[in-house]
Amino acid sequence: MTAELVERLRSARRVIALTGAGISAESGVPTFRDAQTGLWAKYRPEDLATPEAFARDPRLVWEWYAWRRERVQNVVPNPGHFALVEMERRIPEFTLVTQNVDDLHRRAGSKRIIELHGNITRVKCFENNHLAAHWGEQGQIPPRCAECGGLLRPDVVWFGENLPAGAFEQALAASETCDMFLSIGTSSLVYPAASLPFAALERGATVVEVNPNATSLTPRAHHSFRAPSGEFLPALVSAVWLR
Ligand code: BV8
């Protein structure tokens, strides 16, 4: 961590944080590209997270998400999530943009969250996007929509699907006007989310990456820290505001 970064963050007015699956890794949620375990080891997430996979085998895809939903409900946010809650309190205009569907930012206490890829704890119907407040896990799998009888599916954005109306536009507008852009725990592989830090760079923002591994953003970032976010972010918050 550099004194220049600490000073810049302390004086920043507009900051955007883009998070990926890596910020939830220390909560025990395997990242999107970690090898899947157990029953799901033989499937690639990219092959299951598509409308075609659901149309082909709705039961398999529903059960994959039911397994992930259960796993996510049994973990808790980690110090990386809580550090971003503190940033939201300290920075005049802080925007959290997440690719994650695990609901951990909300559970940690973040208020202003742009969910680019939806939220696994929400369920809607495949045919008409009717949100389902509750659904039975017994009987038919996938359960049916109470309003139209359609198949229920997770309210997440699959590959090949558009992002929620306005979400990307809102995130892009924030990226184009920020002083600092933090890219945290993302492999920077999935678009259009991965284009956001480059939009910030073009507008002269300071771009900071936090990831134990290098990514395609690394060569362009002003600062890139090979560190786990659960350790780096609390240390950054402490250096900027708590000393
Ligand atoms: C769309 C929900 C049209 C489902 C997900 C160019 C423009 C537009 C589209 C495309 C394009 N090129 C290609 C496309 C198509 C496609 C795409 O990007 N494909 C990729 C594979 C090339 N994009 C789409 O289909 C998108 N829709 O484009 O619609 C459109 C066009 C323009 C404008 C608007 C719309 C929809 C994409 C959404 C897919 N759904 N999730 C589900 O979860 O089941 S994406 C999925 O990948 C997850 O959400 C995940 O978050 C996301 C990105 O992955 P990461 O978060 O980065 O996770 P990953 O495992 O890859 O990496 C984890 C990182 O953490 C690693 O780098 C690791 O080193 C690091 N890490 C590990 N431990 C830690 C850590 N970091 C910090 N601390 C640690 N402790």
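**Ligand shell and parallel sheet**

An oxygen atom of the ligand lies 2.6 Å from an N or O atom in the side chain of Tyr65, a polar contact in the sense of a pair of N or O atoms within 3.5 Å. The model is a predicted one, in which local features need pLDDT of at least 70 and side-chain atom pairs count only at pLDDT 80 or more, whereas totals for chains, interfaces and linings use all residues. Residues are numbered from 1 along each chain as its sequence is written, and side-chain values use heavy atoms, with hydrogens and water left out.

For Asn213, an N or O atom of the side chain is 2.8 Å from a ligand oxygen; for Thr31, the separation between a polar side-chain atom and a ligand oxygen is 3.3 Å. Taken alone, the ligand exposes 1500 Å², of which the protein buries 76% (accessible areas by the Shrake-Rupley method with a 1.4 Å probe).

The shell around the ligand comprises 35 residues, of which Arg33, Tyr65, Arg68, Ser187 and Asn211 come nearest; a residue is counted as near if one of its heavy atoms lies within 4 Å. By class, the shell contains 17 nonpolar, 14 polar and four charged residues, where Ala, Val, Leu, Ile, Met, Phe, Trp, Tyr, Cys and Pro count as nonpolar, Asp, Glu, Lys and Arg as charged, and the others, Gly among them, as polar. At least two shell residues are supplied by each of helix H2 (22-25) and helix H5 (58-73); helices (H or I, at least four residues) and strands (E, at least two) are DSSP runs, numbered from the N terminus.

Gly22 is located in helix H2. Apart from neighbours within four places in sequence, Gly22 is in contact with Thr31, Gly185 and Ser229, contact meaning heavy atoms within 4.5 Å.

Six strands form an open sheet in the order S3-S2-S1-S7-S8-S9, with parallel pairing; strands pair if DSSP finds at least two bridges between them. Strand S3 (113-115) and strand S9 (223-225) stand at the edges with a single partner strand each, so one side of each has no neighbour in the sheet. From one strand to the next, the twist averages 15 degrees. Within the sheet, strand S7 (residues 180-184) pairs with strand S8 (residues 206-210) in the parallel sense over five bridges, and Phe181 has Val207 in S8 as its bridge partner.

Helix H6 (residues 79-90) lies across strand S1 (14-19), strand S2 (93-98) and S7, and runs at about 150 degrees to S2. Axes are lines fitted to C-alpha atoms, for helices over the stretch in contact, and angles run from 0 to 180 degrees between N-to-C directions.

Technical notes:
Polar contact = N/O pair within 3.5 Å; in protein donor to acceptor, adjacent residues only side chain to side chain.
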